[in-house]
Amino acid sequence: MGKRVGMEVSIAVAEAACQADVDVVAAYPITPQTHIVEHLSELVADGHLDAEFVPVESEHSALSVCIGSSAAGARTFTSTSSQGLALMNEVVYIASSLRLPIVMVVSNRSLSAPLSIWNDHSDVMSVRDTGWIQVFAENGQEAYDHVFWAYRVGEDRRVLIPVMLHMDGFILSHMVEALEMVDKELVNKYLPPFEPIHRLHPDKPVTMGAFALPELYTEAKKAQDEALKATWPVLLEGWRQWEALTGREYNPVETHRTQDAEVVLVTMGSMGETACEAADRMRNQGTAVGVMKIRLWRPFPFRQVREVLSKAKVAVVFDRCVSFGGQGGPVASEIRAAMYGEPSRPRVVNFIGGLAGRDVSPQDFQHMVEEALSKMQDRQEDYEIYGVRG
Amino acid sequence: MAKPITEITWIELEPGCVIVEPGNARKYKTGDWRTVGHPKVDTERCIKCAQCYIFCPDAAIERNEQGYFLPNLYYCKGCGICAHECPVKCIDMVPEGE
Amino acid sequence: MTEIKAFGPKNLPLEELFAPGHRACQGCAEVLALRLALKALGRDTVVANATGCMEIVSTPLPTTSWVVPYIHVGFENAAAVCSGVEAGLKALMRKARLPRKQVHCVAIAGDGGTADIGMQALSGALERGHDMVYICLDNEAYMNTGIQRSSSTPYGAMTTTSPPGRLSFGQSTQKKNVAEIAAAHGIPYVATACPSYPWDLMKKVQKAALVEGPAYVHILSVCPTGWRSQPEESIELGKLAVASRVFPLYEVENGRYRFVPKPPKQVPVVEYLKKQGRFRHLTDSMVEEIQKNVDEQFRRLEAKVRISLEAPQEPQE
């Protein structure tokens, strides 16, 4: 049985990386990720984790070091936020196209300018198309559990794709939460050692990162696209096996009272819990509200989203960043696209809020639902930045 | 892969486009690049000093059983470094066809 | 690696670890430097290479000239990727997941990928003290993309982004001295080399690989395409670069400077410049200016060598 603790989520995530016996940690400090890397370096300094801790001189180098280390066959971990994620952007694409199963925890934070250290999903959206497997944690337990899941699925020879674990900065990263830690025996049952198909070693020399002419690049990208799509069985297997060992169930989307819901709130990340609270209140007041919480962002869970939303009249999608010059909220955009061809689909109403950590309360969700129900949004591309003054 | 590049399917690519055959560029005939001429060695005068061998950017000079260093015309690009550097001037750049 | 006391025609390492069939230009001294460096490093080597001439000529999918394990990631991060390989192998060997074996981790990048965009990653890797070798193959411009200037382009040189014109005389700044920057990091070994001195180059690369900690080797690579010189003169030009003192050959071992090999008889810089089309536009006064600067830089280097000779020796154990 696991050990129940009250622990800051960043510390829990670092503990998970330690329990997963990572070989190399390369990271650069950035608020609000710092506690993760600080604790990891403490664990290494005290001999609890046998790993090379590489204090790199920038995030671009952080992920570059991770690529080198993963290519050499080492279990590799890093973490960043916001500007750091943006700085390493070109390397993010390379890690996935080189098929290196690095695990990166992102303490989600807003992108400059203006500078802000607080939480939203603008950093998430900057890496949307990079080809990584991406999941969201809603609370500390999920964040802790998914570090193991990330290595389990990413390093699987049928996958070999890096995994990004998103957790809301400060809201999760700096919160002390109750969670259950697993023991070494369970980790050993769940997580086999990393055995790559190819590694950099003189015993079997390979060339990684060759360049492709136009005659071959398309095939390379097709292969990458198919590889990401083919991860589904392994992702689900990873969750089923974790459930069998811990009793904790995880799915590509989580639902709360959506069965007979007329209105479904759609969230990603920690807001999900607030939305559930709001849904319960509204149910008590007679409105059939449910919540769909997207856990698996990439590969996008089309089937599961369609299953949940096809019966709803309205989907209120709560985005955590603005896609300038586009449809407003990227998640709403993707929901609309996912539902477009469905015979039965809800009206999608898009709110953007909680930017740079501005608080979103259950009442706020209630207001959004009321507004969605009362006011017709004339054009599909309408969106509202919730709670803005002026 | 021996296939021409335009026939390679996406299924045949290794994950990450890793190339598993070290040095398989050897298939590529850079000797076709020559236009002006190629080196011809007069083994009578060669002192086996290995200067031509060590200075060839294309590793297109090979040592034979007798210890003489002779050009491999499959790769030789005809740059002329070997002829220029030979201390006894026993290498001449001769026109293609000779 | 079995240490070789001195490389020479009598003990030629005959194995080609960089296969012919590569797409380098005729007379490319950079690919020659690479070929020689790999002979010195041997099979137990992992190379992390930056985007550039060598990367492009050696890895057109689906072929590779690399016989040793190789990875290319980006332009500015050869040093970082190499650091990662080193850290990964170190951890795996320490945790007994790989048998212990000496594997040389080598970063290879051009002057652009080192002196400009790669400066940060290089500095970080040297400061962290990884057991690795960094080889800069310096052809003095961004040759692969069409001969644009870098901070390693010499004063007065014509490049496509420092063209001589009515208002400009070519590169207006002095060549950045990356070997000195590396030495300033206090690493155990720094050396300059040139493939025109092949045995010396191989010895220095071997030394760099065998030293514990970071080592930096800066190799002048004559580029007939970019320098507008005759392909067959690439070796001769390298010798002139050294003899004219434009590119002195030396080592810095734990801070001590030594000329290795002994500098040849000095040759006026104009003998070196006149064989290159990229300097064709220089006036006599510019050549004089270049000569003065070359002499001044060499004097400073000589002073460092002298100080190293005079400084107290390390106590013998």
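A polar contact is a pair of N or O atoms within 3.5 Å; within protein, one must be able to donate a hydrogen and the other to accept it, and residues adjacent in sequence count only if both atoms are side-chain atoms. By this rule, 18 residue pairs are in polar contact across the interface of chain B and chain C (both at pLDDT 80 or more). The model is predicted: local features need pLDDT of at least 70, side-chain atom pairs count only at pLDDT 80 or more, and totals for chains, interfaces and linings use all residues. Residues are numbered from 1 along each chain as its sequence is written, chains are lettered from A and ligands numbered from 1 in the order in which they are written, and side-chain values use heavy atoms, with hydrogens and water left out.

At this interface, 34 residues of chain B are in contact with 37 residues of chain C, contact meaning heavy atoms within 4.5 Å. About 3100 Å² is buried between the two chains, 63% of it on carbon and sulfur atoms; buried area is the accessible area (1.4 Å probe) that two parts lose on being put together, summed over both. Tyr53(B), Ile54(B) and Pro57(B) supply 19% of the area that chain B buries against chain C, more than any other three residues. The interface has one salt bridge, that is, a side-chain nitrogen of Lys or Arg within 4 Å of a carboxyl oxygen of Asp or Glu. Glu85(B) forms a salt bridge with Lys239(C), with the closest N and O atoms 3.4 Å apart.

Chain C also meets chain A, through 43 residues of chain C and 41 residues of chain A. Together they bury about 3300 Å², 62% of it on carbon and sulfur atoms. Leu61(C), Lys95(C) and Arg128(C) supply 17% of the area that chain C buries against chain A, more than any other three residues. Between these chains there are eight salt bridges; Lys90(C) forms a salt bridge with Glu52(A), the closest N and O atoms being 3.7 Å apart.

Chain A itself holds an open sheet of six strands in the order β10-β12-β11-β14-β15-β16, with mixed pairing. Strands (E, at least two residues) and helices (H or I, at least four) are DSSP runs, numbered from the N terminus, and two strands pair if DSSP finds at least two bridges between them. The edge strands are β10 (253-256) and β16 (384-385) of chain A. Four bridges join β10(A) to the antiparallel strand β12 (residues 289-294) of chain A, where His256(A) stands opposite Val291(A).
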